[in-house]
Structures are given as C-alpha cells and as structure tokens.
Amino acid sequence: MKFTKLIIELKPSRIDNGGVGVFAVVAIKKREKVTDGIPIEDFSGVVPWGEFEYLNKELQKKVMDFCVGTSEGFIPPDDNDFNKLSIEWYFNHSCNGNLGFDKNGDFIAIRDIKKGEELTYDYGLIESNPNFKMECKCPDINCRHIITGNDWKFLSKDKSKMKYMHPFIISLIRQDQAMKGMTKSIDEADRGLRM
Ligand SMILES: [Zn+2]
C-alpha cells in the first residue's frame, strides 16, 4: 500500500503560547512544497462580511482565528465545516516565517527547514482584510508586534517577502500599481494642461 510522504504534524506551539502549531516531521529543502495552500479561485468564493454578522459567537471566533480574509469576505473551510480542519489550517504567524506561497498558492519552504522545527508563515503574505489585527510575540528582531490586513502594502516593497506572496496579493499589488500609474498619468496630464 502506498502512503503519501509524511511531512507535517500538530504539536503544542512554541510561538503561540497555549496554542497548537504545525511541525516538520522530516527535514524540508528550500522551495519544496509542504502542503496544499489556497488556490486563487477560492478568493472568488469568499463569504461576504455581511453574513459574518449572523454567525454565532463561537463561529465568528473560528473565522477570525483561522480564515484568510479580504476586503470582501473570508475563505471558509471545506463544506463550511470547522469540525474538520486539516493540519495546514493550524500554521501560526511569524514575522520571519519559514513558509511562503508558490504561484499556485501552495505552501512551500522559503529556506531549508530542520526536522522538528515549527512551521510558520507571515500572515501578511496573504491577509488583506483591512479590519484584521493580531498581536505577534515571535522572537524575530524585526517582529512587527501588531499584524494587520494592510501589511501586504509595505511588505510588497521587500523583495524577500514579495517572492513568496500569495498570487491573490500579487494581483492586488498589480491593481494598486495600475491605479497609482493612472493617478500619476492624470497628475501629469493635469500639470501638462496647466503649463
Ligand atoms: Zn512577530
């Protein structure tokens, strides 16, 4: 019988005190795919924030703790069922995470990872809900302390982060740049008219 290679497992987190974390069962090489991520198509099926208001408190907490959000809504688990979240839902945030995204939106190692290391990623690589905010106590010297759904805007200026951004965020950055380009050409045209 053929089994899929065992790569990750759940254990008590070292970074999120009292929480659960995901750990490497084997050594993982830089650029190696760790697990399926979030395909870009899922971003067109977000649950609108308007519906969030009608969820009970327990479900709202699950959404805030686990779901990737955008300005429009959040990405729900399979079958909208939080009773069966798979392991990759438990990756914690770190400002200097060892995982990022490839062009398919899957999780890949951004450096060589040792067996037994906790696997984390920078939530700024994918989160774009403008109301998202969390405290970070990761040990990195560049820890941002408060992580928000707007971090992608300045992280996109950092080449090492940009390389591992989720394709959905890359599309947002392109839209942003196109808008700025448009404003710039409008400004220039405006100046041209006044000259
Ligand atoms: Zn941090």
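Predicted model: local features only at pLDDT ≥ 70, side-chain atom pairs only at ≥ 80, totals over all residues.

Me: How many helices and strands does the protein chain have?
Reply: Helices (H or I, at least four residues) and strands (E, at least two) are DSSP runs, numbered from the N terminus. The C-alpha atoms of the protein chain fill a box of roughly 75 × 40 × 35 Å along the principal axes. Within the chain, the secondary structure comes to five helices and eleven strands.

Me: What percentage of the residues in the protein chain are buried?
Reply: A residue is called buried if 20 or more other C-beta atoms lie within 10 Å of its own, exposed if 12 or fewer, and partly exposed in between, with the C-beta atoms placed from the backbone. For the 195 residues of the protein chain, the buried share is 26%.

Me: What share of the contacts in the protein chain with a separation of 6 or more comes from residues 24 or more positions apart?
Reply: Two residues are in contact if their C-beta atoms, placed from the backbone, lie within 7 Å. Among the contacts with a separation of 6 or more, residues 24 or more positions apart account for 64%.

Me: Which residue of S2 is the bridge partner of Glu9?
Reply: Two strands pair if DSSP finds at least two bridges between them, and S1 and S2 are joined by five bridges and run antiparallel. S1 is hardly covered, since the count of buried residues among its five residues is zero. Leu10 has Val22 as its bridge partner in S2, whereas the partner of Glu9 in S2 is Phe23.

Me: Which residue of S9 is the bridge partner of Val22?
Reply: S2 and S9 pair in the antiparallel sense over two bridges. Phe23 has Glu118 as its bridge partner in S9, and the partner of Val22 in S9 is Leu119.

Me: Which residue in S9 stands opposite His93?
Reply: Strand S6 (residues 92–93) and S9 run parallel and are joined by two bridges. Both faces of S9 are covered, with Glu118 and Thr120 buried on one side and Leu119 and Tyr121 buried on the other. The residue of S9 opposite His93 is Tyr121.

Me: How far apart are the C-alpha atoms of Gly100 and Ile126?
Reply: Gly100 lies in strand S7 and counts as buried because 24 other C-beta atoms lie within 10 Å. Not counting residues up to four places away in sequence, Gly100 touches Ile108, Ile110, Tyr121, Leu125 and Tyr164. Gly100 and Ile126 are 26 residues apart along the chain, and their C-alpha atoms are separated by 9.2 Å.

Me: Is Arg31 buried or exposed?
Reply: Arg31 is found in the loop between strand S2 (20–24) and strand S3 (33–35). Its phi is near 75 degrees, a positive value in a residue other than glycine. Because 12 other C-beta atoms lie within 10 Å, Arg31 is classed as exposed.

Me: Is His145 buried or exposed?
Reply: The place of His145 is in the loop between strand S10 (133–135) and strand S11 (146–148), and its phi is positive, at about 65 degrees, although His145 is not a glycine. Because there are 9 C-beta neighbours inside 10 Å, His145 counts as exposed.

Key: Residues numbered from 1 in each chain as written.
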